[in-house]
Each structure stands twice: as C-alpha cells, then as structure tokens.
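These are my notebook entries on a structure that I had not looked at before.

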Amino acid sequence: AGFTTGCTTDGGNKAESEPAVQAVVFVEGEDYQVLDAPLVSADSPVIEFFYYGCKACYSLVPAVAEWRNKTGNQVSLVPVHSKTKLMISARLFHTFAEMKLLSKMYEVGYEIFQTKESSLTGKERIDDYLLKNDINKKQFWSIWRSDAVNKRMSVSLALTQKAKVTMTPSFVVQGRYLVQTQTIDSVENLLDLLSFLSKKDV
C-alpha cells in the first residue's frame, strides 16, 4: 500500500512558547499529479481507489469518514482491478453496492480479505460472512453474476485505467488531481492534501 498510518502523532498539550508548526507546502509532480484527461464521469469531489486486500486502505476507513463528515466533501469508492487481477475484491464491492448493502457490508469486505478468524477460503469464506451478517446467499450469488454488476465492473475498470492508478490507496480530487500515497508520510498530511486539492482551481 504506499505508506503506513502508524506514524501519525497525537496533538497533545503544547507549551505556549512552542513555535508554530510550519504549514506543509504541497508540490505538483511530487505530492500529486495532474491527469492528462479529467475523469468527467466523477460523481463526487473525491474518489478513493481501494482494494479489499490493502491494509492501508482498511486502516484509513475511519479517518476518511471523519474527514468527509468534517469537510462535507463526498467520497466515492472505486475498487481497483484489471481485466484479470483483483477481480474478486471488485466484484464483491459491486455486488454489495447493487444490493444497496454498502453501509452495512463495505467494511465487512475488508474483514473477508484480511482477518484470520476463519480458515475458509474462496466462495466458502464469503458464504460464511454472508451467513454471519444475515445476507441471503442465493440472492447474493445471483446478483454477483448479473449484468448490472458486470456493468459496474466495466465502469471501475475504465476509471482505474483512465486515472492511471498503480497502487492503493489512491485518490482523485475534482476529477483532475491524482494522489498516490507513496509520497505521503502521515494520515494527517494526506487529509490536508485532499483538503488543499478540493479547494484548488481546476
């Protein structure tokens, strides 16, 4: 994933005599890139490109939710995949979305891919989590194979390719500014950068 979140520090109490922390200056070409062609189909000011197997993506969930609530910026989620790789993660997300279950099951997707509570794998592992969360398995697997989910897969593939995303988590702000987090050294700086770009002129 490109960075760790453990380096974030707590603000704590500061002595009055301590000098003010200098504001971070974000530089195009270093901290973010400008896409050659904007994502005109972007539904929200910020798009997060993620993968359910990405530990940094999972750890960012509460911080991004808090930032969204604080700033009022909507964040769309796009699962990263190619035509042959990371397909299960993307299809899982899109099936939950098509069933209108994301508010309940979005984070469960991370649990399915990352927790070690179950030794089950593949379809049996997904079925186990569906059962635990009272999701109708027959309906789930029917929608999994549906044209609606296939269409969603086509859209997320096109967005991933057009944004030239090569790692997760990555963000696109205002359909134009790409943030790939390997250059960001803390969650605080990432959120500050997203705020900066959300106010930047296109």
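This is a predicted model: local features need pLDDT of at least 70, side-chain atom pairs count only at pLDDT 80 or more; totals for chains, interfaces and linings use all residues.

Residues are numbered from 1 along each chain as its sequence is written, and side-chain values use heavy atoms, with hydrogens and water left out.

I then looked up Tyr52, which is also buried, with a relative accessible area of 0%. My search of the whole structure for aromatic pairs gave 18 of them; rings of Phe, Tyr and Trp (for Trp its six-membered ring) pair if their centres lie within 6.5 Å, and planes under 30 degrees apart count as stacked, over 60 as edge-to-face and the rest as tilted. Tyr52 lies in the loop between β2 and α1 (55-71) and Tyr106 in helix α3 (residues 102-114), so the pair ties together parts that are 54 residues apart in sequence. For the element names I keep to DSSP runs, numbered from the N terminus: helices are H or I with at least four residues, and strands are E with at least two.

Which residues do ring pairs link into a cluster? I listed Phe50, Tyr51, Tyr52, Tyr58, Phe93, Tyr106, Tyr110 and Phe113. I also recorded that the charged end of Lys132 sits over the ring of Tyr129, 4.7 Å from its centre; the criterion is NZ of Lys or CZ of Arg within 6 Å of the ring centre and within 35 degrees of the ring normal.

I counted 7 helices and 5 strands in the protein chain, which along the sequence follow the pattern β-β-α-β-α-α-α-α-α-β-β-α. The open sheet of 5 strands has the order β1-β5-β4-β2-β3, with mixed pairing, and two strands pair if DSSP finds at least two bridges between them. Its edge strands are β1 (33-34) and β3 (75-79), each of which pairs on one side only.

Strand β4 (residues 170-173) runs antiparallel to β5 (residues 177-180), and 4 bridges join them; β1 and β5 also pair in the antiparallel sense, over 2 bridges. What stands opposite Tyr177 in these pairings? I found Val173 opposite Tyr177, and Val34 likewise stands opposite Tyr177. From β5, Tyr177 and Val179 point one way and Leu178 and Gln180 the other way, and all are buried. In a regular strand the side chains alternate between the two faces of the sheet.

Helix α6 (residues 147-162) lies across β2 (46-50) and β3, running at about 95° to β3; axes are lines fitted to C-alpha atoms, for helices over the stretch in contact (heavy atoms within 4.5 Å), and angles run from 0 to 180 degrees between N-to-C directions.

Leu86, in the loop between β3 and α2 (87-98), has a phi near 60°, positive although the residue is not glycine, and is partly exposed, with a relative accessible area of 35%. Lys164 has a positive phi of about 60° and is not a glycine either; its place is in the loop between α6 and β4. Pro169 lies in the loop between α6 and β4, and the peptide bond from Thr168 to Pro169 is cis, with omega near -5°.

Buried residues make up 45% of the 202 residues in the protein chain. Among contacts between residues at least 6 apart in sequence, 72% join residues at least 24 apart.

Key:
Buried means under 20% relative accessible area, exposed over 50%, partly exposed in between (1.4 Å probe, protein chains only).
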